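Have a look at the sequence and the model first, and then we can walk through them together.

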Amino acid sequence: MCRQISYQSSHEVNLKSWFRNLLSNITTMAIMGKRYYGDHINVGDLKQVSVFHDMMDQVFKLMHQPKFGDFLPVLRWFDYGSLHKKLSGLMKRVDKFLEEVIEERRRIGSCDSGILVDKLLALQQDEPEVYTDQIIKGFILTILISGIETPYLTLEWSMSLLLNNPKAMETIKNEINNNVGFNSLVQESDLDKLSYLQNVINESLRLYPTLPLLLSREASEDITIGGYLVPRGTMLMVNAWAIHRDPVLWDQPDMFIPERFYGRVDYKYKMLTFSVGRRGCPGNNLGYRILGLALGTIIQLFEWKKIGMEEVDMTAFYGLSMAKLKPLVALCKPRANITHIL
Ligand code: HEM
C-alpha cells in the first residue's frame, strides 16, 4: 500500500479507507493467509473478495445500528428497525463465506503455516468434539470483527491529532530518523526505542477510546458497587471515555499532551481503552504493535499535511464504537531520502 502511494507526488489520501484496508489485510493474512485489498489478489479469488467486501461492510453497518431493544426489551417483540431480520440474513451469508474459507484451508493448508485456521483445523483432528466447524467459524468472525475496527479507528484518530499538532508529528519523525535511520523501515524491534511515538499512541487511546462504553455486562448476582445495590440481571456499562477525561485523574484532560506519559506507569490503572479482567482485550499487545508499526512507517516514509488551513474536524460519531464523523483525508508527499527502501 505504501509502495502504491510512493510513486505519486503530493496528493490527497483517504486515510480512513487506507487504514481500514490495511487492518483488514493484516487480520485476514493472520487468519486465512490471504489479503482482500490491494494489488496482491489472485484472479481466482476475485469473487470471494467481492463477497468479503460486501459482507464486512454490512457487518460493520449493522453493528453500529442503534439496538433500542437492548434498552427497552419490549421493542424486541416488534423487531424495531427490522434489525433481527437483517442480521439473520447477513449471518447466513457470513456462515457460507466462512464455510468456504474452512474448506479451502482443509484443501491447501498445513499445520506449520502459522495461519490461524490451519492451527484450529489441526486442533480439530485431536479434539473434534471441542473444535467443531461451528466453533471455528465463531472464532474467525470474532477476530475479524475485533481485530479490524478498533485499531483502524485508533489510527485515524491518532493521525488526525498529529495533523492538528504538527510539532508532535515532527518530534516522531526526528525520533525515527535518530533511532531507525534512512536505510530500513521501522521494525517491531525498534518500537521500544520510539518512546514519543508510544506516548502519542497512548494519548490517542486516552482521548479517543474506540469502544467508549466497552462491552456491556450483566450482573450475575446482586452486588453492591460504590454503595449502590445492583440487582442480578442489571445491564452494566463502564464509561471509559468519561474516566479518561476525568479532571480528578488527569491534568488538563481534554488537551493533547503526549508528554504526560513520560516515565509514568500509573496510567495503566486509569486507562480502560482495552478494558481489564477476564474479558479484557486479548489483542492488547498486538494492537500496540500494529499501531506503532503503521504510524511509524507512514511518518517515516511520507510528509503529511492537513488540507486547507482549518483544523481537522474531531467530531465523533457514537455507535458501539467511536468513529470520526468525517473520514480523514490528508495531503501526502513521499520523503525524497527514504522511499528507496520500499
Ligand atoms: C487499538 C486496538 C484495539 C483496541 C482499542 C481494542 C479494544 C477492545 C475492547 C475495549 C474490548 C472489550 C473488552 C471489554 O469490554 O472488557 C475488546 C475485546 C476484544 N478484542 Fe480488542 N482492541 C484492539 C485490538 C484488537 C486486536 C488487534 C485483536 C485481535 C486480532 C483484538 C481482539 C479482541 C477480542 C477477540 C475481543 C473479545 C474478548 C472477549 O469477549 O472476551 N482486539 N477489544
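Where is Cys 281 found? Cys 281 sits in the loop that runs between helix H9 (240–244) and helix H10 (284–301). Helices (H or I, at least four residues) and strands (E, at least two) are DSSP runs, numbered from the N terminus. Please keep in mind that this is a predicted model, in which local features need pLDDT of at least 70, side-chain atom pairs count only at pLDDT 80 or more, and totals for chains, interfaces and linings use all residues. Residues are numbered from 1 along each chain as its sequence is written, and side-chain values use heavy atoms, with hydrogens and water left out.

**The iron and its ligand**

- The protein gives the iron atom of the ligand a single donor, the SG atom of Cys 281, at 2.3 Å.
- Donors are N, O and S atoms within 2.8 Å of the metal (3.2 Å for Na, K and Ca), and sites may look incomplete because water is not among the atoms.
- The ligand is surrounded by 22 residues, and the closest are Leu 215, Arg 217, Ser 275, Arg 279 and Cys 281. A residue is near a molecule or strand if one of its heavy atoms lies within 4 Å of it.
- Helix H6 (133–164) and H10 each bring at least two residues to this shell, and H6 gives the most, with seven residues.
- By type, the shell divides into ten nonpolar, ten polar and two charged residues. Here Ala, Val, Leu, Ile, Met, Phe, Trp, Tyr, Cys and Pro count as nonpolar, Asp, Glu, Lys and Arg as charged, and the others, Gly among them, as polar.

**Oxygen atoms of the ligand**

- An oxygen atom of the ligand lies 2.6 Å from an N or O atom in the side chain of Arg 217.
- For Ser 275, an N or O atom of the side chain is 2.6 Å from an oxygen atom of the ligand.

**The chain as a whole**

- The protein chain has ten helices and nine strands.
- Its radius of gyration is 22 Å, close to the 20 Å that the globule rule gives for 342 residues, so the chain is as compact as a globular protein of that length. The radius is taken over C-alpha atoms, and the rule is 2.2 Å times the number of residues to the power 0.38.
- Along the principal axes, the C-alpha atoms fill a box of roughly 60 × 60 × 40 Å.
- Of the 342 residues, 43% are buried. Buried means under 20% relative accessible area, exposed over 50%, and partly exposed in between (1.4 Å probe, protein chains only).
- Among contacts with a separation of 6 or more, 71% join residues 24 or more positions apart. Contact means heavy atoms within 4.5 Å.

**Two residues of helix H8**

- Glu 203 is found in helix H8 and counts as buried, because its relative accessibility is 0%.
- The side chains of Glu 203 and Arg 260 are joined by a polar contact of 3.1 Å.
- Leaving aside neighbours within four places in sequence, the contacts of Glu 203 include Met 255, Phe 256 and Pro 258.
- Gln 198 also lies in helix H8 (residues 195–207), and its side chain reaches the backbone oxygen of Leu 191 at 3.4 Å.
- Not counting residues up to four places away in sequence, Gln 198 touches Leu 191 and Tyr 288.

**Residues in loops**

- Asn 239 is in the loop between strand S5 (235–236) and H9, and is partly exposed at 35% relative accessibility.
- A polar atom of the Asn 239 side chain lies 3.3 Å from the backbone nitrogen of Trp 241, and one lies 3.0 Å from the backbone nitrogen of Ala 242.
- Leu 214 lies in the loop between H8 and strand S2 (217–218); although not a glycine, Leu 214 has a positive phi of about 50°.
- Gln 252, in the loop between H9 and H10, has a positive phi near 40° and is a residue other than glycine.

Technical notes
A polar contact is a pair of N or O atoms within 3.5 Å; within protein, one must be able to donate a hydrogen and the other to accept it, and residues adjacent in sequence count only if both atoms are side-chain atoms.
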